[in-house]
Structures are given as structure tokens and as C-alpha cells.
Amino acid sequence: MNNSLNNAGAAVLEIEKVEVSYGSDPSGLVWGYLFGVTPEALAVDSAAALAWMRDHAANNPSQFIWLHFNLSNAASEKWLTTHANLAEEFYETLHTGSRSTRIELAEDTLIAVVNDVLHNFSFEESDISTLWVSVARNVVVSARRKPLQSIERVRQAVRQGEPVRSSVELLIHLLRDQADVLVKIVRDAVERVDDIEDKLLADRPTARREDLGAMRRVLVRLQRLLAPEPAALFRLLQRPPSWMADLDTQELREATEEFSVVLSDMSSLQERIKLLQEEIAARVSEETGRSLFILTIVTVLALPINIIAGMLGMNVGGIPLSHHPAGFWIIAGIIATFTVVAGWLVTRAARRLR
């Protein structure tokens with residue numbers, strides 16, 4: 001088989017020692033790799049991939065090809081429809097409104113909808129996007145609209161020569177890399193929350209409830225989108241496709257369990273953020289109450305001055321002490337007495353409330 005491939009021409013299965021950009025070729029292919037011909041995966045373009053699927057896929061069950069497409073290129077879906085012979089359910093998931101993570105069996109093919117985060121994830125809801133994957137025995141097709149972290153980690157591992165035994169193992173690799181990405185996100189979030197909590201305990205709060213709320217909303221959305229649908233996964237693990245090895249089934253189960261642990265940690269972090277929000281809200285409420293109390297005291301203390309000044313300022317006859325030589329000091333004494341009495345009453349009332 002190796003000799004026939006070599007004789008078919010270097011252009012068909014040539015190993016490309018060049019970087020693959022996040023763009024795509026005219027067919028929408030971002031990158032492609034052929035596994036099982038040599039110990040390391042062979043990089044292929046769309047023409048070589050088409051030639052292999054047409055001439056060699058059916059005769060080489062130990063080999064499989066991985067093609068990754070950019071759906072932002074309008075030619076991608078057209079090429080897939082024309083050449084890839086994928087299940088109809090795959091195209092339905094591309095256009096459906098549901099983005100929940102799931103792995104389903106359709107026409108002896110695994111259809112996976114995987115939500116992932118963009119590069120330079122900054123805890124914004126717009127930094128979350130979807131990856132669609134079709135996994136058959138010999139052909140793996142993945143497609144996305146934006147560059148994502150987990151699928152890039154898989155590509156880097158393949159380029160560095162990490163062996164991939166089967167097409168299902170490639171999907172398992174993706175799930176585990178996604179779990180690693182989530183672990184990093186959770187660690188970054190924990191560092192932020194720890195810093196906010198330390199400053200709050202030191203009475204130097206700098207974070208606003210709105211900032212914590214935004215972080216919590218992103219984590220909730222991540223958990224909602226990334227948590228695999230248990231019913232679909234249970235059905236798959238109970239009745240896997242005939243070509244799927246027992247080892248792959250076991251590793252898929254373990255990968256989903258690891259994923260569940262990460263999602264559990266994310267839930268705990270959400271509770272911490274909620275408690276911090278409540279603590280900040282309580283402190284803001286306490287400060288507001290203290291400010292209102294001080295404002296009330298100032299208002300009460302200024303009340304005698306305002307009343308007496310208003311009465312003495314009336315332009316009518318009969319104002320007392322208007323001609324008395326010590327009238328000013330008498331009025332000042334009366335105001336001071338009222339102010340002291342009012343302050344004492346307010347202070348006493350405040351002590352009772354405490």
C-alpha cells in the first residue's frame with residue numbers, strides 16, 4: 001500500500017512541513033491529515049484528500065483521514081456536500097438553532113456538536129463558538145466558523161507526531177483537550193475571584209457587582225453549552241457503532257467523566273461568585289444606610305436653625321428681641337440648646353436601633 005501511494009505521485013500524499021494558517025484553501029479546507037500510512041500523520045490538501053477517499057478509503061480500514069473546514073468560506077459546505085458523503089444529520093446540526101454539546105449516532109456515524117472558546121478568551125460571551133464533527137471509521141470531518149482553542153491543540157499534537165490510533169480516538173483527544181482548556185479557564189477565574197475576595201476581606205474592594213455578574217453569566221453559559229447531553233451520550237455508550245472498538249468506548253466514557261469533573265468545579269466557582277456578589281451587595285447596602293443616617297442627623301441638627309432663622313427673617317412687626325442689646329446672643333443660645341437636645345435625641349435613637 002505504501003508503495004502504491006508513493007507511486008501515485010508526491011502531490012497526492014506529500015508531507016507538508018509548513019505552518020497552516022487560520023485561512024482556508026478555495027475548497028474551504030483549513031488543514032487535512034491522513035493517518036495510518038506512516039507512524040506520523042501526513043498533511044494533505046483537498047485534492048489529495050479527495051483522491052484518497054475515492055481510491056483508497058474503502059480498501060484500507062486501518063487508515064483514516066481528518067479534514068478541518070472553515071464554514072466562513074462559502075465553498076466549504078458545497079465541497080462537503082459534493083465529495084464527503086456525510087450523513088444528513090450533520091448538515092442539519094449545522095443549521096439548527098440548538099448549540100448544546102452532544103454526541104449522537106446517525107447512519108453508523110458519530111455526529112458531535114462541541115462548544116469551544118476562541119483564542120485569547122477574555123470571559124466575554126462572544127468568545128464562545130461551536131465546532132461540528134462527523135466521525136466515521138475512515139473519515140473525520142470537523143468544521144467551525146471561528147478559530148477555536150481545543151481543535152488547535154489537537155492539530156498541534158498531531159503535527160508533533162503524537163500517535164492517533166483511530167478516528168474515535170481523535171474525537172476523544174478533542175474532548176480531553178477541551179477539558180484542559182476549561183481547566184485553564186477555571187484557574188484564571190479562580191485567580192480573579194481570589195484576588196477580589198482578598199481585597200474584600202482587607203476592606204479594599206475594587207470589583208463591582210456588575211463585573212462579577214458578567215463573569216458568572218459567562219461561566220453559566222459555558223457550563224450550559226459544554227455539558228454533554230446525558231441522554232444522547234448514554235444511548236451512544238450503550239449502543240456504539242459496529243466499527244467502534246471497545247477500547248475507544250471505554251476511553252470515551254472516561255473522557256466524559258473527566259469533563260464532568262471540570263463542570264463540577266465550574267459550578268462551585270459560580271457559587272463562590274454568587275456569595276461574593278451578596279457580600280458586596282450587603283456592604284453597599286450598609287454604606288448606603290450609613291450615609292442616609294448621617295444625612296438624617298445633619299438634617300435634624302439643622303432643623304432648629306432653619307425654623308428660627310425663618311421666623312426671625314419674616315418682614316413683620318412684633319419680632320421679639322429685635323431691639324434688645326443682647327438679642328443676637330439670646331437667639332444663638334436658644335438655637336444651640338435646641339441643636340444639642342436634637343443631637344442627643346438622634347444619638348439615643350441610633351443607639352437603640354443598633
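The accessible surface of the protein chain comes to about 19,500 Å², and carbon and sulfur atoms hold 55% of that area. Accessible areas come from the Shrake-Rupley method with a 1.4 Å probe, and for residues only the protein chains shown count as cover. This is a predicted model, in which local features need pLDDT of at least 70 and side-chain atom pairs count only at pLDDT 80 or more, while totals for chains, interfaces and linings use all residues. Residues are numbered from 1 along each chain as its sequence is written, and side-chain values use heavy atoms, with hydrogens and water left out.

**Overall make-up**

The protein chain has 10 helices and 7 strands. Helices (H or I, at least four residues) and strands (E, at least two) are DSSP runs, numbered from the N terminus. Of the 354 residues in the protein chain, 42% are buried. Buried means under 20% relative accessible area, exposed over 50%, and partly exposed in between (1.4 Å probe, protein chains only). Among contacts with a separation of 6 or more, 69% join residues 24 or more positions apart; a contact means heavy atoms within 4.5 Å.

The 7 strands form an open sheet of mixed pairing, in the order 2-1-3-7-6-5-4. Its edge strands are strand 2 (42–43) and strand 4 (102–106), each of which pairs on one side only. Two strands pair if DSSP finds at least two bridges between them. Strand 6 (residues 128–135) and strand 7 run antiparallel and are joined by 5 bridges. Trp-132 has Ala-143 in strand 7 as its bridge partner.

**Helix 3**

In helix 3 (residues 75–84), the buried residues are Ser-76, Trp-79, Leu-80 and Ala-84. They lie on the same side of helix 3 because they cover an arc of only 100 degrees around the axis, where the arc is that of the directions from the helix axis to the C-beta atoms. An α-helix has 3.6 residues a turn, so residues three or four places apart point the same way. Lys-78, Thr-81 and Thr-82 are exposed on the face turned away from the buried side of helix 3. Cover for the buried residues of this helix includes helix 2 (46–55), strand 3 (64–70), helix 4 (88–95) and strand 7 (139–144). Leaving out residues up to four places away in sequence, Ser-76 touches Ser-27, Gly-28, Phe-69, Asn-70 and Leu-71. Just after helix 3, Asn-85 takes a positive phi of about 55 degrees.

Leu-252 is in helix 9. Apart from residues up to four places away in sequence, Leu-252 touches Ile-103, Ile-172, Leu-175, Leu-236, Leu-237 and Met-244. Helix 9 (residues 246–312) also holds Ile-307. Together with Leu-303, Met-311 and Met-314, Ile-307 makes a nonpolar surface patch of about 390 Å². Patches are made of residues with over 30% relative accessible area and no salt bridge, with like charges joined within 9 Å and nonpolar side chains (Val, Leu, Ile, Met, Phe, Trp, Tyr) within 5 Å. A salt bridge is a side-chain nitrogen of Lys or Arg within 4 Å of a carboxyl oxygen of Asp or Glu. Val-183 is in helix 6 (residues 167–201) and is partly exposed, with 28% relative accessibility.

Two pairs of residues are listed below by their C-alpha atoms.

| Pair | Separation in sequence | C-alpha distance |
|---|---|---|
| Leu-252 and His-173 | 79 residues | 9.3 Å |
| Val-183 and Val-262 | 79 residues | 6.5 Å |
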